Amino acid sequence: MNTKNSLLSKIIRVLKKTGSFVLFLTVLVLNEGFHIKNLQAANVVIQDEVRKSQSVELLKSLSVKLDAKSFEGDANFYRYITKYLKKRNNKINAEKFTQALMNLSKDQFYDPIFILAVIKTESSFNNNAVGSAGEIGLMQIKPDTAKWICDKKNIKWKGAQALKNPEYNILIGANYFKYLMQTLKSQSLKYINAYNMGLAGMKRTPSSELKKHPYFGKVTENYLAIYSELKKIKKNIKRSNKVS
């Protein structure tokens, strides 16, 4: 499959997933003058659609909306994430991690900032963190859960200590979240709380209590806080560019 057809297939998947019909995408891809510049632009639009789609579902129970246009069409979005990561843990290879995060988010239809919000909630970006129940790494994954999801998703299991590797940790954590999302029909109140208390624990909790659960509140609070921080980073970069 050539690059043009591959991208078209990805766009169709995104449109089906997000329920959005962006005429620009079709025009962009089918344009006779399709080049790498168009490819990059189309990927940015795909990224925007995925972010907006998850954001709407994630925040709807809080009656809060994210300013979706803040980074719309911004090809430098990954740069802001990289700078943010360097502030949180300068021992992590921010460029390598951001690339892995963006690829994972695009392939599995995640807003990358959602994954960052979970990381901030779970470990405050300490990739060597070990929890009281044996949870390891950025997304605080238990080794038995990690091995189970690796077997289920055909991911090579490298052992518990490998969960301290940032890229490996988010690969497994994101795949586990994907399992929860698919199982719980992408209802954020359920899949976020299930990540914290387990599926059985979440199902035992009355629906009226899920919204009030502190874990859900913390993840969504961090989600909004990270976006706020990224806006500041973007503003500072623009200011620096003007000065130079």
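This is a predicted model: local features need pLDDT of at least 70, side-chain atom pairs count only at pLDDT 80 or more; totals for chains, interfaces and linings use all residues.

User: What share of the residues counts as buried?

Analyst: Burial is judged residue by residue, with under 20% relative accessible area as the cut-off. Of the 244 residues in this protein, 50% are buried. The accessible surface is about 12,800 Å², with 51% of it belonging to carbon and sulfur atoms. As for contacts with a separation of 6 or more, 61% join residues 24 or more positions apart.

User: How are helices α4 and α5 oriented to each other?

Analyst: Look at the angle between the two axes, taken in the N-to-C directions. The axes of α4 (residues 77–88) and α5 (residues 94–108) cross at roughly 130 degrees and come within 9 Å. Angles from 65 to 115 degrees count as roughly perpendicular and those over 145 as roughly antiparallel, so α4 and α5 are oblique to each other. Their crossing is right-handed.

User: Which residues meet where α4 and α5 are in contact?

Analyst: List each side, then sort by class. From α4 come F77, Y78, I81, T82, L85 and K86, and they meet A94, E95, F97, T98, L101 and M102 of α5. By class, that contact has eight nonpolar, two polar and two charged residues.

Note on methods. Residues are numbered from 1 along each chain as its sequence is written. Side-chain values use heavy atoms; hydrogens and water are left out. Axes are lines fitted to C-alpha atoms, for helices over the stretch in contact, and angles run from 0 to 180 degrees between N-to-C directions. Helices (H or I, at least four residues) and strands (E, at least two) are DSSP runs, numbered from the N terminus. Angles under 35 degrees count as roughly parallel, over 145 as roughly antiparallel, 65 to 115 as roughly perpendicular and the rest as oblique. A crossing is left-handed if the near helix is turned anticlockwise from the far one by less than a right angle, and right-handed if clockwise. Contact means heavy atoms within 4.5 Å. Ala, Val, Leu, Ile, Met, Phe, Trp, Tyr, Cys and Pro count as nonpolar, Asp, Glu, Lys and Arg as charged, and the others, Gly among them, as polar. Buried means under 20% relative accessible area, exposed over 50%, partly exposed in between (1.4 Å probe, protein chains only). Accessible areas come from the Shrake-Rupley method with a 1.4 Å probe; for residues, only the protein chains shown count as cover.
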